[in-house]
Amino acid sequence: MTPPPHQNDVSGSAGSARSVDAGHAAVVTDPVARAGVRDPWRLVFWSRYIGLPLLALLAFFSPDNLDNHAWLAGALLLGCMPVTILVDLYRHRWASLPNRMVDWDIVVGTGVVLVEPFALPGVVLILVTDVAMVAAAAGRAAAVRTVFASGLVLFFAGLAGGEGASYVLAIYVIVSTLIASVLGNLADGQRELRENHEHLLMGIDGIVWTMTTNPPATLTVAGRYQQILGVPYEKLASPEGWLAHIHPDDHHRVVDHLRQTMSGERDGDELEYRMLAADGRVVRVHDSHRCERDATGRAVVVRGLVIDVTGQRQVEQDLSHHRDIVEHIHTALIVVRVGQAGDPRSLTLLAVNPAAERILGRDASQHLGQRLTDVFPILRDGPIPSRLSETVEVGVGFDSEMPLTDDPDSPVFAVHTFPLPDRSVAMALHDVTDRARVQARLRHQALHDALTGLPNRVLLNDRLRKGLSRAQRNGEPMAIMIMDLNHFKEVNDTLGHHSGDALLSEIAQRLRDSLREADTIARLGGDEFAILLTTDATRSGATAVAEKLARLVEKPVDIDGVSIQVSASIGLAFYPEHADDADGLARRADVAMYVAKRTGGGHVVYAPEDDRSSIRRLTLLGELRQAITANQLVLHHQPTIELSTGKVLRTEALLRWKHPVHGLMPPADFMELAEMSGVIQPLTRWVLRQSIRQVKQLTVDGEFLHVAVNVSVRNLYEPDLVDWIVGLLEEEHFPGERLTLEITESLLMDDPLLALGVLRRLKSFGISLSIDDFGTGYSSLAYLRDLPIDEIKIDQSFVAAMSLPGGDDTIVRSVIDLGHNLGLAVVAEGVEDTDTLLRLVEMGCDRAQGFLLSQPLPAEDLAEVLKTDWFRRFALPLAGLEDW
C-alpha cells in the first residue's frame with residue numbers, strides 16, 4: 001500500500017514537496033499536522049512560538065498608558081520564550097514540565113503586574129490563552145487548576161491596581177472557567193474517543209491505515225503493524241515510510257491503483273501485493289480500501305485494511321504444486337473442511353482426485369464446496385465422516401482399515417488422515433478389500449472350528465472372560481456347560497472318520513439352532529462341546545437347557561443310509577457359586593462332565609466332593625519330577641518328507657511318558673504341569689540330549705538325518721539356554737546345521753522381543769528355527785519377517801480342513817505363498833490322505849508330515865523302516881501318486 005499524491009499537488013510549496021515515484025505527482029508530509037493528531041502538546045508549543053513574539057510586538061506598540069513598552073516586550077520574550085524552548089526539549093523526559101511552563105507564565109505575569117499594574121489586561125489575556133491551550137492539551141481538570149492558581153496569585157498582585165483590577169480579575173476567572181470547562185470537556189471526550197479507537201484498532205488482526213488527500217498528505221496507521229512487519233510506528237506512519245516497505249516488483253502497480261482511488265476515479269479497490277518486513281521477510285498482504293468524499297463529491301480521505309495472507313497463500317501454493325501428482329496417483333485423496341466443530345454433517349468438500357471419484361462412484365469436480373455426504377451419499381452410513389471430524393478436533397491423524405458403509409459386503413479401505421490448516425483435513429483411501437477378506441477368513445479360521453464352524457476354545461475363553469466381567473459388574477449369574485458325546489469313538493471306528501465328521505456337523509447344527517444369540521456354543525475338540533449361558537443362567541434355567549440339549553443329541557442321525565444314535569454327558573458350573581474366574585469355572589464344569597460320563601450320561605452340576613482333579617494333578621506333578629531319573633520318558637520320531645524328492649529330511653522328536661499307572665501319556669497330559677512347575681527345563685534338556693543321540697544312529701542312503709525338537713517359550717527365559725545347547729552340540733559332536741528347534745507361534749507372541757534376541761543367537765551357531773502351528777497365533781507379518789527363522793509349519797487344523805466336504809484350501813495356499821515370499825520353507829502337518837498330499841504338491845508345499853507318511857515311531861522301529869523302500873514311493877512324480 002503506497003499513498004499516492006493528490007492530483008493537484010504536482011509542484012507544491014518549494015522545498016517541502018518530494019517525489020515518491022518517477023512519472024507521478026509528488027507526495028509531501030507535514031510533521032506539524034501529524035504531531036497535532038498524535039501529540040496535543042506539540043500544537044501548544046507551536047502556538048507559543050508564534051504567539052509570544054506577536055504579543056511582544058503588541059506590547060511594544062501598545063497605547064501610551066504603558067510607560068515602558070520595550071520593557072514589557074522584553075519581559076514577554078526573555079521571560080517566557082526560553083522556558084518554552086527548554087520545556088519543549090525536555091518534556092518527553094519529564095511529563096510534568098508542560099504544566100510547570102504555565103506556572104512560569106503566572107510568575108512572569110505577576111511580576112509584570114506588580115511593576116506595571118496597567119499591564120494586567122494583557123497578562124490576563126496571555127493567561128486566558130494558556131488556560132485554553134491547557135484545556136485542549138491536558139483536559140478540564142488541568143485547566144481548572146490553572147485558573148484557580150493564576151486567579152489566586154493575580155488577586156494579590158492586582159490589589160495595587162485599584163478597583164478596575166478586581167473587575168478584570170473577576171472577568172478573567174469567569175471567562176477562564178467557562179473556557180476550561182467547555183474546551184476541557186471537548187478535549188477529554190476527544191482523547192477518550194481516540195484512546196478507545198486506538199484500542200479497537202490494536203485488536204484488529206491487520207493494519208488499519210488512513211490517508212488524507214489534501215496536500216500536504218498525511219498517513220496514520222494502527223493495528224498489528226509491529227507483529228506483521230516488525231516496523232515501529234515512527235518508521236511506518238508516513239507516505240515515505242510505507243513506500244519503503246513495498247516490494248519493488250509490486251511498487252508501480254500499487255501506486256497506480258491507489259492514485260486512482262485518491263483522485264476519486266474509483267470508490268475503492270482490493271489488491272494483493274508484497275511488503276518487506278524489518279527482518280527481510282516477504283509478507284504477502286491483501287489491501288482493501290475505500291474513498292470518502294465531501295459534500296461536493298471530492299475525495300478527502302482514503303481508509304484501508306491490510307491483512308497478512310502469507311500463510312494462506314503458502315498453503316494454496318503448496319496445494320497447487322502437488323495437484324499434478326495427486327491427479328495421477330492411484331491412491332484416492334479427499335480434502336474437506338469442518339464447518340461446525342464436532343458435527344460430521346458440516347464437512348464440505350474442498351478437493352478430490354480422480355482416483356477418489358472412481359472409488360466413490362461420482363464425478364465431484366463440479367460439486368466442490370458442497371457437503372461431503374451430499375456429494376458422496378455412499379459415505380452417509382459409514383464411519384468415515386465421524387473420524388474426519390475427530391481428526392480436526394484432536395489435531396492428530398489416524399491410520400485404520402474400515403468399510404465405506406455398514407453394509408457387510410461394503411469394500412474395505414485403508415484410511416490415512418492428517419490435519420491441515422483452516423479446520424481442514426485430508427484423507428487417503430486405498431482399497432484393501434481382498435486382503436481384509438483374507439485376513440477376516442484367517443481370523444475366522446483361528447477362532448472357529450474348521451469342521452463345524454462353531455467357535456473354538458480360543459474364542460470361547462475370550463467370551464467367557466468378557467461374560468464374567470459383565471456378570472461381576474451387573475451382579476448377574478452365569479453358567480457354563482461342558483458336553484461330551486457318548487459312544488462317538490465307536491462310530492469313528494466302525495463307520496470311519498467321514499461318518500464321525502458328518503455326525504459332529506449335524507449335532508453342532510442342532511445345538512446352534514436351539515440356543516439364543518446371546519449364548520455361545522463352541523467345539524473344544526474331538527467330540528467335546530462347551531455352552532456358555534449368559535441369559536437365564538440360574539440353576540433351574542441352565543438345567544432346563546441341558547435337558548433340552550441332551551434330547552436333541554439323542555435324536556437319530558441318518559448318515560449314508562445308516563441311522564446313528566448317540567447320547568451326551570453334560571457338566572454344569574455356575575458363577576459365582578462354583579468359581580469367579582474363567583479357568584476355574586471351565587475346570588469345574590469339566591469335572592462335572594466326567595462325573596456325568598462315569599454315571600452313564602445325562603447332566604451333572606459340579607459338586608466339590610467330586611473334584612479329584614487337583615489331587616491327580618499334584619500326584620502327576622510329583623511323579624513327573626521323578627520320571628526323568630526313573631527312565632519313564634521315551635521319544636518317538638515322526639519323519640518329515642521333502643515333497644520334491646520324497647526323501648526323509650529329518651525326524652521330529654515327540655516325548656511320551658510311560659506312566660506306571662496311566663500308561664503311555666502324550667505331552668498334552670503333562671506338559672502344562674511341567675511348564676507351571678519349572679520341570680520344563682530338565683525335561684527339555686533331556687529331550688534335546690536323547691534326540692541327538694538317537695538320530696545319530698539314523699541314516700538314509702548313507703546320509704545322517706536331521707532332528708527337530710519342540711522348545712517351550714519358557715525355555716527361552718533361561719539365561720544359559722544358548723550356551724548349554726552349544727555345549728551339548730560340541731559334546732555330542734553334532735553339527736548345529738542338523739538341529740531344528742520348533743517354537744509354537746502363539747507362545748512365541750507372548751514375549752517377541754525376548755524371543756528375537758535368543759533366536760538370533762541360536763541362528764548364529766547354524767541351528768535351524770521353525771515356527772510350529774502357524775496360523776493360530778496372530779503373529780505380525782512385519783515381526784515374522786524380522787525373525788531369523790527357516791521354515792513355518794502349517795497347523796494341522798488347516799490341513800485337515802482341506803479333506804472335509806467342501807473343504808477350502810485358501811488358508812493353506814495363502815500360508816504357502818506367504819512363506820515362499822518371505823524366503824521360508826513350508827511344512828504341512830497332519831497329512832492323512834493321498835488327496836491332501838497331491839493338492840499340497842500342486843500348491844508348491846516344500847515338506848509334509850503326518851500319519852499318511854508315517855506315525856511317530858521309537859527310534860529303533862524307525863531305523864528298520866528306513867532300511868525298506870517305504871519312503872521311496874513318495875519320490876514318484878505327481879502323476880504316479882494318483883495310483884496309490
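1. In this predicted model, strand E6 (residues 332-338) runs antiparallel to strand E10 (residues 424-431), and six bridges join the two. Strands of a sheet may pair in the parallel or the antiparallel sense, in either case through backbone hydrogen bonds.

2. The pair of E6 and E10 belongs to an open sheet of five strands, ordered E7-E6-E10-E9-E8 and paired in the antiparallel sense. Strand E7 (347-352) and strand E8 (399-403) form the edges, each of them pairing on one side only. On average, and with direction ignored, neighbouring strands of the sheet are turned by 30° against each other.

3. Two helices pack on this sheet. Helix H15 (residues 384-394) touches E6, E7, E8, strand E9 (412-420) and E10, and the direction of H15 makes about 140° with that of E10. Helix H16 (residues 433-447) touches E8, E9 and E10, and its direction makes about 85° with that of E8.

4. Is Ala446 buried or exposed? Its relative accessible area is 9%, and Ala446 is therefore buried, since buried means under 20% relative accessible area. Leu459 lies 13 residues from Ala446 along the chain, and the C-alpha atoms of the two are separated by 8.7 Å.

5. As to accessibility, Asp422 counts as exposed because its relative value is 54%, where exposed means over 50%. Arg423, at 35% relative accessibility, counts as partly exposed.

6. A further backbone feature is the cis peptide bond that joins Tyr575 and Pro576, with omega at about 5°. Pro576 is found in the loop that runs between strand E16 (567-575) and helix H21 (582-598).

7. Strand E1 (residues 207-212) has two pairings to note. With strand E2 (residues 219-223), E1 pairs in the antiparallel sense over five bridges. With strand E5 (residues 299-308), E1 pairs in the antiparallel sense over six bridges. Val208 may be followed in both pairings: Val208 stands opposite Ala222 in E2 and opposite Leu305 in E5.

8. A helix pair is formed by helix H19 (residues 497-514) and helix H20 (residues 539-554). Two packed helices are described by the angle between their axes and the distance between the axes. For H19 and H20, the angle is about 145° and the axes are 10 Å apart; the crossing is right-handed. Which residues meet at this contact of H19 and H20? From H19 come Ile507, Arg510, Leu511 and Ser514, and these meet Lys548, Leu549, Leu552 and Val553 in H20. The residues of this contact divide into five nonpolar, one polar and two charged.

9. Where in the structure does Val826 lie? Val826 is part of strand E27 (residues 825-829). At 0% relative accessibility, Val826 counts as buried. When residues up to four places away in sequence are not counted, Val826 touches Ile792, Ile794, Val815, Ile816, Gly819, His820, Cys845, Asp846 and Arg847. One of these, Ile794, is 32 residues from Val826 in sequence, with a C-alpha to C-alpha separation of 7.3 Å in space.

10. Some totals place these details in the whole protein. The protein has 34 helices and 29 strands. Of its 884 residues, 46% are buried. Contacts between residues at least 6 apart in sequence join residues at least 24 apart in 61% of cases. The protein exposes about 43,500 Å², of which carbon and sulfur atoms supply 55%.

Terms used:
Residues are numbered from 1 along each chain as its sequence is written. This is a predicted model: local features need pLDDT of at least 70, side-chain atom pairs count only at pLDDT 80 or more; totals for chains, interfaces and linings use all residues. Side-chain values use heavy atoms; hydrogens and water are left out. Two strands pair if DSSP finds at least two bridges between them. Helices (H or I, at least four residues) and strands (E, at least two) are DSSP runs, numbered from the N terminus. Axes are lines fitted to C-alpha atoms, for helices over the stretch in contact, and angles run from 0 to 180 degrees between N-to-C directions. Contact means heavy atoms within 4.5 Å. A crossing is left-handed if the near helix is turned anticlockwise from the far one by less than a right angle, and right-handed if clockwise. Ala, Val, Leu, Ile, Met, Phe, Trp, Tyr, Cys and Pro count as nonpolar, Asp, Glu, Lys and Arg as charged, and the others, Gly among them, as polar. Buried means under 20% relative accessible area, exposed over 50%, partly exposed in between (1.4 Å probe, protein chains only). Accessible areas come from the Shrake-Rupley method with a 1.4 Å probe; for residues, only the protein chains shown count as cover.
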